[in-house]
Amino acid sequence: MDIFRFLEENGIAYERCDHPAVFTCEEADRLVPAMEGAKIKNLFVRDKKGRRHFLVVVGYEKIVDLKSLSSLLGLSSLTMASPDRLKRYLGVHPGSVTILAVINDTEKKVEVVFDRALWHSQSFLCHPLINTSTLAISKHGIQRFLELTGHEVIVWTCPHREENAVRS
C-alpha cells in the first residue's frame with residue numbers, strides 16, 4: 001500500500017520530514033527535526049489468548065501500565081504482540097509501528113485506543129509505515145483516515161506509571 005498516495009487521494013494533508021531510521025522515542029528526539037504536532041508512542045498489544053489486538057496510542061513520554069489497561073478493557077491481561085503478529089496484522093516491523101499501519105488491517109481485527117490527553121491535540125507526528133520519515137497530520141486528518149479504514153477510536157485515559165516508579 002502506498003500510504004502517500006492514499007493520503008493524497010483522500011485529501012488528507014501532511015507535512016513530511018525524512019530522517020535517519022529511529023527505533024525509539026529517544027532516537028526520534030535526537031534525529032527528527034522539530035515539527036508541529038504531538039509526539040506519540042504506539043504500542044501493539046494483544047490479550048492473553050491472542051484473540052483481540054489493540055494499537056494503543058499515547059504521548060511519547062508515557063509508560064503505559066498494561067495491567068491497569070487490561071482491567072479497563074475488561075481483559076485478564078495484555079502483553080506486547082510479537083513481531084510476527086505485528087507484521088501479520090499491521091504490515092510493519094518493530095520500530096515502524098504507527099497509527100497509519102491500520103490501513104493494512106483490512107479485516108478490522110485491531111482496535112485503536114487513544115489516550116484522552118493526547119486526543120485533544122490539534123495534530124500528530126507519525127511514521128508513514130517506515131521509520132525513516134515522520135509526518136505531521138491534523139487531528140481532522142487522522143479522524144478522516146481512521147474513518148476511511150473503518151477503524152473506530154476508543155478514547156480513554158490510559159493508565160500509566162511514572163518513569164521512576166518501582167516495578168512489580
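By class, 21 nonpolar, seven polar and six charged residues make up the lining of the largest pocket in this predicted model. That pocket has a volume of about 870 Å³. Of its 34 lining residues, F23, T24, C25, I40 and K41 lie nearest the centre. Helix 2 (25-31), strand 2 (38-47), helix 4 (83-90) and strand 7 (123-126) are the elements that give two or more residues to the lining. Strand 2 makes the greatest contribution, with six residues. For readers who like to probe such spaces themselves, rolling a probe the size of a water molecule over the atoms shows where empty space is left.

In soluble globular proteins, nonpolar side chains tend to be buried together. Here, the largest nonpolar core has 34 residues, and L90, I99, L100, F114 and F145 have the most contacts inside it. Helix 1 (residues 3-9) gives the most to this core, with four residues. The surroundings of L90 in the largest core can be followed in some detail. With residues up to four places away in sequence set aside, L90 touches F44, L55, R85, A101, V102, N104, D105 and V110.

Five of the six residues of strand 6 (residues 110-115) are buried, so the strand is largely enclosed by the rest of the structure. Strand 6 has parallel pairings with two other strands, described here in turn. With strand 3 (residues 53-59), strand 6 pairs over five bridges in the parallel sense, and V57 stands opposite F114. With strand 9 (residues 153-156), strand 6 again pairs in the parallel sense, over four bridges. In this second pairing F114 stands opposite V155 of strand 9.

Strand 8 (residues 133-138) tells a related story. Five of its six residues are buried, so strand 8 is largely enclosed by the rest of the structure. Its pairings are antiparallel. Strand 1 (residues 15-18) and strand 8 run antiparallel and are joined by four bridges, with S133 of strand 8 as the bridge partner of D18. Strand 7 also pairs with strand 8 in the antiparallel sense, over four bridges, and L125 stands opposite A136 of strand 8. Strand 7 and strand 8 form a hairpin with six residues between them. Strand 7 is also one of the elements that give two or more residues to the lining of the largest pocket.

Most residues other than glycine have a negative phi, and most peptide bonds are trans. L129 is not a glycine, yet it has a positive phi of about 75°. This residue lies in the loop between strand 7 and strand 8, in the turn of the hairpin. With a relative accessible area of 16%, L129 is buried, since the cut-off for that class is under 20%. K108, likewise not a glycine, has a positive phi of about 55°. K108 is found in the loop between helix 4 and strand 6, and its relative accessibility of 43% makes it partly exposed.

Two further loop residues round out the picture. K48 sits in the loop between strand 2 and strand 3 and counts as exposed, at 60% relative accessibility. Apart from residues up to four places away in sequence, K48 touches S76 and S77. The C-alpha atoms of K48 and T24 are separated by 25 Å, the two residues being 24 residues apart along the chain. T24 is itself one of the lining residues that lie nearest the centre of the largest pocket. D65 lies in the loop between strand 4 (63-64) and helix 3 (66-72). With a relative accessible area of 18%, D65 is buried. Beyond its neighbours within four places in sequence, D65 is in contact with P159, H160 and R161.

Terms used: Residues numbered from 1 in each chain as written. Predicted model: local features only at pLDDT ≥ 70, side-chain atom pairs only at ≥ 80, totals over all residues. Heavy atoms only, no water. Buried < 20%, exposed > 50% of the residue type's maximum accessible area, 1.4 Å probe, protein only. Pairing = 2+ DSSP bridges. 1 Å grid on protein atoms, 1.4 Å probe; cavity = no way out; pocket = protein on both sides within 12 Å on 5 of 7 lines; lining within 4 Å. Points joined across faces, edges and corners; volume = space filled by probe spheres on them. Nonpolar A, V, L, I, M, F, W, Y, C, P; charged D, E, K, R; others polar. Core = buried A, V, L, I, M, F, W, Y, C linked by side-chain atoms within 4.5 Å. Contact = heavy atoms within 4.5 Å.
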